[in-house]
Amino acid sequence: MLILAVLKLYYKSIVFMNKSICICIFSLFAISGTKAQDRTANPLLLQTWNLNKMDTYIYTYEKQDGFEARREGIRFQKNGKITGNLIKSTLRYDTLEEPVTKKNEKPDRYIGSWKKASDSTVTLIFPSNTNMTGTFVISKLTENQLKLKKVFSADIEKKLDSIRKTKNITE
């Protein structure tokens, strides 16, 4: 009788352990699946992107093998470094004025850094050029296209939203 009770207890503990192991394995897969949705860790980001168009601080880039001499662009690197082919900046970071480019102005190379701010947001820092310094939401990232939206303070975002509505910008 005692042996039978011990065997029942042993069997219940094995079933409980199997359930615990299954729950742990399922949780591990769920966590790793969530991490796969992280756009900032996506290897597609780590390329050279040339600016295709800009609409009220929404930058649309296309993938290129290298920078084009007369186009602005950025290159994300795995080590947190970023290279920018940018027009010289005279603006502050949190301003509503868009950079005005002269017709024959040629971009220069700037070295900066980037870091992940959240799963879909990156912070870019170019110490000697504020055109692309700030926080950006990655609104689209495909094999051939990157779309960044610059993030501003709440009052400036409100003004930009009203400008975007009047321009009828579609993403």
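These notebook entries record what I looked up in a predicted model of one protein chain.

**Ground rules.** I number residues from 1 along each chain as its sequence is written. In this predicted model, local features need pLDDT of at least 70 and side-chain atom pairs count only at pLDDT 80 or more, while totals for chains, interfaces and linings use all residues; side-chain values use heavy atoms, with hydrogens and water left out.

**Overall fold.** I found two helices and eight strands in the protein chain, taken as DSSP runs numbered from the N terminus (helices H or I, at least four residues; strands E, at least two). Along the sequence, their pattern is α-β-β-β-β-β-β-β-β-α.

**Burial.** I noted that 32% of the 171 residues count as buried, that is, under 20% relative accessible area with a 1.4 Å probe, protein chains only.

**Core.** I then looked up the largest nonpolar core, which has 24 residues. Such a core is a set of buried Ala, Val, Leu, Ile, Met, Phe, Trp, Tyr and Cys residues joined through side-chain atoms within 4.5 Å. Tyr61, Phe76, Leu124, Met132, Leu146 and Leu148 touch the most other members. Strand 7 (residues 134–141) gives the most to this core, with three residues. I located Glu72 in the loop between strand 2 (58–64) and strand 3 (73–76). Glu72 is buried yet has no salt bridge (a side-chain nitrogen of Lys or Arg within 4 Å of a carboxyl oxygen of Asp or Glu). The nearest side chain of opposite charge, Arg71, is 9.5 Å away. The side chain of Glu72 reaches the backbone nitrogen of Ile87 at 3.5 Å.

Key: Buried < 20%, exposed > 50% of the residue type's maximum accessible area, 1.4 Å probe, protein only. Lys, Arg positive; Asp, Glu negative; His and termini not counted. Polar contact = N/O pair within 3.5 Å; in protein donor to acceptor, adjacent residues only side chain to side chain.
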